[in-house]
Amino acid sequence: WQVLAIYMILAANLSEQQTLKQACPSCDASQLCNCSSMGLDFIPLGLTAKITVLNLAHNRIKHIRSQDLQQAVNLRALLLQSNKISSIDEDSFWSLAKLELLDLSNNSLAHVSPVWFGPLFSLQHLQLQGNFYRDLGESSPFSGLSNLSSLHLGNAWFSVIRQGNFEGIELLHKLWIDGSNLSQYEQGSLKSIKKINHMIINLRNGNIFPEIVRDLLHSVTWLEVTDIKLPVEKKSLVQNSTRPFRIQKLTFKESFFTDRTISQAIVLLKEITSLKELEAINCVLEGKGEWITKEITRSGQSFVEAVTIKKIMIPNFHLFFDLEGMESQINNLKRLTIASSNVFMVACNIARHFSSLLYLDFHDNLLANKRLDETICEGSWPSLQTLNLSQNSLKSLEQTAKCTSRLPKLNNLDISQNNFGEIPDVCKWPKSLKYLNLSSTQIPRVTTCIPPTLEVLDVSANNLKEFGLQLPFLKELYLTKNQLKTLPGATPIPNLVALSVRRNKLNSFSKEEFEGAQVGAVHLSLMECHRSLVVSVICVLVFLVILLLVAVGYKYHVVWYVRMTWAWLRAKRKPKRAPPKDVCYDAFVSYSENDSDWVENTMVRELEQACPPFRLCLHKRDFVPGKWIVDNIIDSIEKSRKTLFVLSEHFVQSEWCKYELDFSHFRLFDENNDAAILILLEPIQSKAIPKRFCKLRKIMNTKTYLEWPAGEEQQLVFWENLKGALKS
């Protein structure tokens, strides 16, 4: 009985493994088991200890049972997102002590149980967003997850966060909360987490935003808030909190501000002395810049050093004020980015107060040369080192250079993707300029307008045909996507370290062009290195493709289909039947050459010598010499009242009496008439007929045909029936 028990256990295991293989073929011989999008209603049987990654996403699983994952003890990643899971047995995950990633997002869970995650000591990443639960319960579902690194939770129904919900979590690299309908937040709920590197919260209810910020002052490094309508808040954000604070960066995305709320926010955020960076991305500012500057000034100096504004929408941006009165708030700013936001100028008196600014990015805006003269006036941006003016509306390179020459410390300038079109011979630049990007500016040549102080020059994607400048300090030169036919000379740029000449018209270059200079590393494409070899390979591949197409065409009768389609289209334009006066034959006969003896010596003699005689059309005898065979067939069918098909195994095996004769079937059956008479010389099954003659196969299954009998008495009846069919 012990042997029998062992046998039964082994048989059961083998059966489960076969079931698993059928449900998820990839699980058979791999540690990674991908069963996603396979329409599964349950977790398949037969999961073993060798599986480390199990992907069951995008199925129809509704319930996770205790025994489903019991044997998968080495599982490290379990993906169950986008199913219909509404219930999980309490001990379903208890055998998964090595699990590091669990994704239960986008399911139908109405609650989150602390019992589920109790034994998951190794869990680092947990995703619970997109379910139906409204809260996390009265206690913490995560109390045993001491190694948790990232947590994503919340949904459209998630409305309450309570004290104790996050107990047990010490440190998170990333916390993401979908709180779009969060209406209640108990003060202190997030304080239990000691450190959060990056927290993202989707929060439409702006009234609970200050409470959340107060709880995160000492734990979060980067706080990202989306979809918020910033409230008017006068209560301090720090209250009785002690310094130092941890929060360094605050980002708003898809958020809404007014002049009043943004003024109040500037005042309150100054209290967070650790805050160094502010971002606003894809936000809306409903206002004209009428900020409460007196109150902002009274609140003291800002500690923020970097401000990034991207794709901000100001409905009345053309009426926006110059922010006069904000001068005292921008003295300590070191980095400023305002991109894709329709900026067309900065007032000179404001620009002069950016005394500490080192980096300025105005890319993808509406700056033109006339407004640039106001934006970069004398004394403005005195400490600026890097300036990005790419993707604006600058037209004059000479005027642009003149404006930037007012920046005494500028060493990095990007004016790419402006449409300069022309380049003068002489330009005035900042004396300290070392990096210049002139790519995609439509300049047709390079002149001494280019400053000789440069160490890096990018003139890619222009229409340059040659490069002959003398740049003694240049170390990097980028000439990609031009029209160069020769390399730039080595003597005028003796300190060159890196040269990019991809996508030009260079065919070859000689050792003399380098004048003995050693090339450290060359990055050339295969085409540039081995052009003849590549061309040869391409020709061989084209030949093989043509050969393959010919073989496929031959195998699947493509030529036949093309020829028959052309003939059928031509025939469609002709009348379907000739006028009665043009009908010359009682029947057109289609037959195999192997059956010609019976047709010509038996059938033709019997019918043409009958009383009255029948007139038959045979291709050997009655086709017009020199005329295309398809035209002969069309004319013969149109001039015949009937068409006789003499079917046999020879008829089928001989490719249906040549491809040209097959057109008769094409024409005849397209007219859906009863002019076809089928004669079977020997038994033949309709399935033996090639599939391309589907109409003939169909007519053999629906139309009565005449069979040639062996006995003489039956043959007399056969001839009478055939003559009757021809007369009908």
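Ala, Val, Leu, Ile, Met, Phe, Trp, Tyr, Cys and Pro count here as nonpolar, Asp, Glu, Lys and Arg as charged, and the others, Gly among them, as polar. By these classes, the lining of the largest pocket has 34 nonpolar, 6 polar and 3 charged residues. The model is predicted: local features need pLDDT of at least 70, side-chain atom pairs count only at pLDDT 80 or more, and totals for chains, interfaces and linings use all residues. Residues are numbered from 1 along each chain as its sequence is written, and side-chain values use heavy atoms, with hydrogens and water left out.

**Confidence**
- The average pLDDT of the chain is 86, and 84% of the residues score at least 70; pLDDT is the predictor's confidence in each residue, from 0 to 100.
- Residues 3–16 have pLDDT below 50, and this stretch has 2 contacts in the model beyond near neighbours in sequence; contact means heavy atoms within 4.5 Å.
- Where pLDDT is low, the predicted coordinates should not be read in detail.

**Largest pocket**
- On a 1 Å grid over the protein atoms alone, a pocket is an open set of points with protein on both sides within 12 Å along at least five of seven lines, whereas a cavity is a set where a 1.4 Å probe fits but cannot get out; lining residues have an atom within 4 Å of a point.
- Grid points are joined across faces, edges and corners, and a volume is the space filled by probe spheres set on the points.
- The largest pocket holds about 1300 Å³ of space.
- Its lining counts 43 residues, with Trp291, Ile309, Phe320, Leu323 and Ile338 nearest the centre.
- Helix H4 (259–269) and strands E16 (277–281), E18 (306–310) and E19 (335–339) each supply at least two lining residues; helices (H or I, at least four residues) and strands (E, at least two) are DSSP runs, numbered from the N terminus.
- H4 gives the largest share of this lining, 4 residues.

**Largest cavity**
- There is 1 cavity of 30 Å³ or more.
- The largest cavity holds about 110 Å³ of space.
- It is lined by 13 residues, of which Phe209, Leu230, Leu237, Ala265 and Leu268 are closest to its centre.
- H4 again takes the largest share of a lining, here 5 residues.
- By class, the cavity lining has 10 nonpolar, 2 polar and 1 charged residues.

**Strand pairing**
- Five strands form an open, parallel sheet in the order E28-E27-E29-E30-E31; two strands pair if DSSP finds at least two bridges between them.
- E28 (616–617) and E31 (706–707) are the edge strands, each with a single partner, so one side of each has no neighbour in the sheet.
- Helix H19 (residues 712–727) packs on this sheet, touching E27 (585–590), E29, E30 and E31, and its direction makes about 145 degrees with that of E29; axes are lines fitted to C-alpha atoms, for helices over the stretch in contact, and angles run from 0 to 180 degrees between N-to-C directions.
- E29 (residues 640–647) and E30 (residues 676–680) run parallel, joined by 5 bridges, and Thr643 has Ala676 as its bridge partner in E30.
- Elsewhere, 5 bridges join E8 (residues 150–154) to E10 (residues 171–179) in parallel.

**Backbone exceptions**
- Most residues other than glycine have a negative phi, and most peptide bonds are trans.
- Arg243 and Pro244 are joined by a cis peptide bond, with omega about 0 degrees.
- The bond from Cys611 to Pro612 is also cis, with omega near -5 degrees.
- Asn282 has a positive phi, near 55 degrees.
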